[in-house]
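Colleague: I would like to learn how to read backbone angles and helix packing. Please take me through a case.

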Amino acid sequence: MDKLVCAVPRAVVLAVSVHCRDDGYPVVQRLVAGTGVPQSMSQAATGDPVVILRQDLLAIRRAVQPPHVVLVLPGELDVLPFLVELWRPRIGASALGDYYAPAPVLAGIDPAAFLAELGCVHHAARLWDGADHTDPLTPAEIAARRVEAADGLIVPTPPNPAECRAGGVAALARHLNPSATLAHVCRQAGPGLELPPSFLLPAPHALEEWRARLEPVTMPRLRPGTDQGVSSVRWRARRPLHPERLADTLATVMAGVVRSRGHLWLSSRAEAVVSWRSAGAHVELREAGRWLEPGAESAWRAASPQRRTLASWFWHDYYGERRSDITFTGAHLDRGRLCSALDAALLDDAELGLGSEGWAGFPDPLLGDLPR
């Protein structure tokens, strides 16, 4: 925030804290700083954070023209779905897009705290996603999502050139989010412009990009090569996976993996997109929607343009868009071992010939107890 204010001295800062409760709306505290902005806006309110912040931003727009607003969001929010809800036009209400052009989403990374969070999977928290509380998420998952949601990542320059932790965290961040611009800045606030100019430019198609990144069927960019021992491996397949064999091979697949995400075609749930996410030592699989089917016009219209393009690109006359696609990131990953283990969990020709009715009878220790 200090670096942004130095770069745009006349910016209005709207800093938010959200105190979630077990049920009901959270308590939203706002702190506003900037010339011409009424200090009465700095207060707490209980309610929908999307509604409260939309009203605040419109009030700032009326008080200061043209405003540059630095919106500082807390860790209690699931950033991407929250921004989608905040920016989504509503019938009969003023849309933020009529008054503001969103700039890139920036995230600061403290190396020591980030590594500690990635190693923490022993408790969970529920974030506010713009409509409700999320399902329980581990600190490792929350930390990974924060990096993956950003368009720009800010990592402090290590005070000691021999300090390798910051360099290792920067390498990990590049692999977790290859599309983001990474900037190194000194920890001390100062007048010098250290942020890339792209951090301050409008992002006119931001809402569409946020929506596309939340699709259950996505293809995150893969960063090639190895940086300070960190590498990424992508595995893809057009055959469905046998759930029991997949469960048996998880220990082999996840050795050395810090973060993985993608989607599966699981034979026991042939009609469902199964999302795959892991952060630290925690792996989560859950149903995340349905595959697009021929003639399902409403589902095709609801999908993002990016998903419709990918579905057309990968379309198979028999399988449709069904496929598995997962990206693994970690230290010293063995690509051959990882991919061979997952390949061995695919259905063989005899199993494939049973069809979806036969697949439904396969033992499923992963999702078998969940309703279909």
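Modeller: Start with Q228: it is exposed, at 57% relative accessible area (exposed is over 50%, buried under 20%, partly exposed in between, with a 1.4 Å probe and protein chains only). The model is predicted, so local features need pLDDT of at least 70 and side-chain atom pairs 80 or more, while totals for chains, interfaces and linings use all residues. Residues are numbered from 1 along each chain as its sequence is written, and side-chain values use heavy atoms, without hydrogens and water.

Colleague: What is the phi of Q228?

Modeller: Most residues other than glycine have a negative phi. Q228 has a positive one, about 50°. Q228 sits in the loop between strand 8 (226-227) and strand 9 (230-237). Strands are DSSP E runs of at least two residues, helices H or I runs of at least four, numbered from the N terminus.

Colleague: Where is H332?

Modeller: In the loop between strand 13 (324-331) and helix 11 (335-343). H332 is exposed, at 67% relative accessibility.

Colleague: At what angle do helix 3 and helix 7 cross?

Modeller: Packed helices are described by the angle and the distance between their axes. Helix 3 (residues 79-87) and helix 7 (residues 206-213) cross at roughly 140°, with axes coming within 9 Å. Axes are lines fitted to C-alpha atoms over the stretch in contact, and angles run from 0 to 180 degrees between N-to-C directions. The pair is therefore oblique (under 35 degrees is roughly parallel, over 145 roughly antiparallel, 65 to 115 roughly perpendicular, the rest oblique).

Colleague: Which residues make the contact?

Modeller: L80, L83, V84 and W87 of helix 3, with L207, W210, R211 and R213 of helix 7. Contact means heavy atoms within 4.5 Å.
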